[in-house]
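Work through the following exercises with the structure in view. Each task is followed by its solution in steps.

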Amino acid sequence: MKLAFVRACVTTACAAAVLSGAAPRSALSQPDSDVPIRLAADSPLAAELRDGKPVRVFAVAEDHRTIVARPSDLSAPWTVLWRGGAELQISGLASKDDSLFLADSASAAVYRLSLPEGTHELLHRGSPLVHPTALAVDEVLFVADTDAGAILRITLETPARDMGSVEGVGGLGESVALGVSDGTLIVSVRERGQILRILHAARPAEAEAKVLQAPVDGPARETLSERGTEPRSVYVRGKDTTSEYPTVARPGAVTAYRGIVYVVDGDGRVVSTPRRQARPIPSHVTAPPVGRAESILATATDLFVLDRETREVVRWPRPVPTEFIFEGDRPSECMASFYAYLEKRAMLQPREVSFDETFEKTLRNEGALRSRWVAGLNAPICHLNSSLCRDEIPKPIEPNARVQIPALFVESTLKMDSVDLRPGESLLARAEREITSAELAWAAEAQSLCKLNPGLAPDVAACERLVSRPLQGRCIVPKEVVRYVAAVPESDVREGVLSADIEQVVKTCGAESTYVNPLERRLATSAQTPVPADWAVLDAAYEQILSNVVAYDKSLVPRTAGPVYVGVVEKTIDYRHEDFSDGARHAFLDTDPTPAPSHAFAQRPWSDGDHGTSVAWLIAGQRRRGSNSTAGLAPFATLVSFRMELNELNAAIVNSPKWLELSVINLSLKAPTDNESGLKQIARQNRHVLFVAVAGNGGRDDTTREVCEEFLVFPACLDEEENVLVVTATDAHGEALLPSSETEEGANWSPKHVHLAAPGAGFVAAGFDQAYVPVRGTSFAAPLVSATAAALVAQGVGRGGPAQIKRRLIATSDYATTLTGQKVVAGRLNYKRAVYAPKVTVVKTRSGEERRIDVIDNPALLLRFANDREHTRDLRDVLRLQSEGDHYWMIYMDEETNIGVATEVRKPAGANWSFKYRDCPSGVCGAPIKTASLDEFEDYVASVR
């Protein structure tokens with residue numbers, strides 16, 4: 001949904017006109033009498049701000065032509081600010097800086113009052129306005145007109161002001177409300193039952209409309225794994241785990257502040273929600289109660305609410321949706337403490353349900369209690385049901401009676417932890433202690449525990465017997481993490497300083513296992529403003545790098561081996577990104593405890609916190625919403641997070657669970673040069689792991705700056721270790737990644753020490769906080785190689801060790817005249833060639849036909865190198881021979897350097913390059929045995945078994 005414009009005539013005469021019937025004044029008026037002022041039942045609200053805090057509150061009197069004001073602390077009565085003529089019908093108010101805007105529904109006009117000067121001016125009258133009913137102002141002024149069936153925008157800065165319409169919101173009905181914050185327009189349409197958000201509404205070219213009121217996305221209850229035995233996160237939402245989140249019934253007045261939207265529902269209750277979600281959270285009464293809310297106004301510290309029944313404005317501490325995450329083993333005690341806090345702050349909002357035998361069962365049925373009943377729950381329950389209790393103890397209650405329970409959003413997340421069992425403790429007993437919800441009890445069953453720990457026993461039956469017996473060592477144990485979401489006063493969670501009442505809740509729950517996260521703060525303090533993701537642009541850039549590495553059918557890699565585990569050494573990985581929500585698994589959730597807020601799949605500039613998420617996404621990210629691409633080259637892989645310094649990695653690998661067989665570890669990092677011996681130890685003590693290391697950034701188009709020759713970079717300069725593969729970056733077209741300015745770095749290179757190149761710039765990857773960000777550097781080339789290595793592991797190629805995979809990736813790389821022999825040892829990554837028929841040799845004839853063959857002998861080949869010296873190489877040592885005009889490019893096994901590359905190899909006159917083979921057209925090799933000469937082929941890629 002885009003913003004479009006129509007220009008309306010605003011004449012000089014109109015701009016100078018006064019409000020109809022208004023008495024001329026040099027300053028905004030004071031009250032004409034001491035008669036108490038009564039507000040209109042549907043009065044809009046606005047506020048005068050100073051340093052972001054409210055100074056005065058404005059409303060409309062019941063005559064609908066008088067604007068009244070009152071101090072924001074409500075310490076003085078209403079006074080008349082301004083009064084218009086009898087024809088005036090004020091239907092909307094909005095304020096910005098020193099201006100107060102009003103809509104006149106009677107004359108289809110919009111005016112501005114200057115608060116310091118006491119003057120007023122006409123902004124627009126007449127077409128396309130018909131019956132303006134609501135205003136909101138940010139960078140521009142928005143006007144809702146129900147009779148025109150549109151939302152209009154007025155640009156304030158230009159002398160002849162532009163008026164345009166917001167498309168896609170026609171047919172508004174009779175009840176529309178507007179709110180605006182940080183360039184996002186919120187539109188409440190009662191007749192539709194919808195709440196719309198229009199991103200960057202003040203900048204039409206960037207605007208895009210979204211429906212805010214919609215079910216929240218996210219998995220319902222899932223099995224531990226649909227593919228393989230890897231763990232994954234599981235979310236449980238209350239009684240019915242497949243139901244959608246509730247929506248706001250008949251939404252009315254709306255306001256927004258710092259990413260939080262406040263809405264009055266059809267019953268006159270105030271609810272709040274982060275602006276990119278549709279999860280209504282009751283804004284509990286924290287000040288004078290309101291019988292039926294009509295209008296609302298949010299400021300930095302307060303929420304002002306007009307009570308339709310009393311026509312009074314009350315002031316609440318502004319409620320902020322906040323999540324309370326608890327990972328301890330006392331969830332009921334924690335919940336009781338939280339309920340007690342809400343009760344003390346007069347925020348224990350009730351909802352009526354049908355009683356089922358006991359309060360414990362009733363609360364568990366409704367998702368308001370995750371485990372057993374504890375005595376601390378008596379007080380809050382009896383506070384809500386005083387007639388059903390005696391001395392804070394519930395009395396016997398008739399079945400199906402209507403009772404009140406806390407209206408609190410609660411969910412549980414199933415998390416997998418690698419833990420050491422206590423002496424004499426069984427795995428089953430530990431899991432049962434960590435899982436307290438009935439909905440998640442299946443995760444603590446023997447069958448599930450055996451899936452998580454496949455190395456415990458040779459078969460399922462033996463494993464199920466073993467998990468109930470005392471065990472020693474480290475195992476994977478499921479843990480229930482309880483999450484509450486409630487709107488609490490902003491002052492209780494202000495700027496990271498928790499109030500004494502919140503601190504008491506944290507103390508009861510356990511300070512080491514409890515996290516308090518105001519959702520507003522993360523939404524409002526993002527380093528850069530996201531813009532809506534343009535899927536066509538993102539996909540085109542990503543498809544460019546996929547074509548560059550010749551990737552195809554990457555999601556359909558045939559798997560002959562078991563689970564594939566890829567280690568990622570990164571400080572922060574946002575596994576809560578949408579692209580990890582369905583299918584991407586992780587062995588330990590060693591990530592930040594704070595869940596990331598949704599940025600609606602936005603695109604924004606790069607920030608330091610994005611690095612790990614981008615690297616992980618390029619390996620095992622999943623299909624994006626709205627996109628045709630599958631993100632990671634190895635979507636089947638399980639990511640294992642190592643949030644630690646590189647010198648701690650060895651101990652972490654050694655102490656990993658015995659079922660965790662790491663095959664590949666991605667090292668998109670640089671280590672101190674004085675740590676060479678420690679890094680060698682890591683590589684040599686973990687010979688079963690292929691370490692994919694970055695060449696690093698800082699390279700220039702300068703032949704005197706060769707990495708590992710002119711300067712050292714670790715772990716890149718461990719390239720001679722047979723299980724270390726070094727990767728540099730190209731641009732999106734496969735050319736060397738060179739700096740394009742004095743301040744921009746290129747990728748490091750070396751024709752001796754850097755093995756492969758892969759794209760590291762010209763595309764975007766997933767970032768922290770649900771964003772997509774541009775990437776540049778070797779850090780983002782290496783994960784493409786790590787993912788390709790994982791695909792080979794999935795096919796069983798690496799059973800002979802990581803050196804096999806290293807040779808395969810080098811041998812199948814593409815020769816590039818601008819890279820090979822100048823920048824890298826081998827060439828550009830070729831995913832297709834690496835994973836295609838890895839157990840047989842692949843040849844391409846001079847006519848372009850590609851064939852698979854099985855070489856059954858090992859003749860000695862006479863070769864002439866560039867220096868005219870002749871050498872003999874066994875055919876089994878030739879990994880790659882590619883024709884380049886009158887010579888060949890060859891990759892071969894060398895006893896001294898492990899892998900050698902020769903760029904000008906020729907066949908000496910009279911040399912015999914013949915060998916015997918069998919055809920393997922479908923991967924199955926059969927008779928007869930044939931003979932061919934190596935020079936018959938344009939390309940020869942040896943098998944790596």
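**Exercise 1: a sheet of strands**

Three strands, in the order β23-β24-β25, form an open sheet with antiparallel pairing. The model is predicted: local features need pLDDT of at least 70, side-chain atom pairs count only at pLDDT 80 or more, and totals for chains, interfaces and linings use all residues. Residues are numbered from 1 along each chain as its sequence is written, and side-chain values use heavy atoms, with hydrogens and water left out.

Task: find which strands stand at the edges of this sheet.

Step 1. Strands are DSSP runs (E, at least two residues; helices are H or I, at least four), numbered from the N terminus. Two strands pair if DSSP finds at least two bridges between them.

Step 2. β23 (293-298) and β25 (312-317) each have a single partner strand, so one side of each lacks a neighbour in the sheet and they stand at the edges.

Step 3. β24 (residues 302-307) pairs with β25 over 6 bridges in the antiparallel sense. Leu 303 lies opposite Trp 316 of β25.

**Exercise 2: two helices**

Task: state how helix α2 and helix α8 are oriented to each other.

Step 1. The angle between α2 (residues 331-344) and α8 (residues 500-509) is about 170°, and their axes are 8 Å apart. Axes are lines fitted to C-alpha atoms, for helices over the stretch in contact, and angles run from 0 to 180 degrees between N-to-C directions.

Step 2. Angles over 145 degrees count as roughly antiparallel, under 35 as roughly parallel, 65 to 115 as roughly perpendicular and the rest as oblique. Therefore α2 and α8 are roughly antiparallel.
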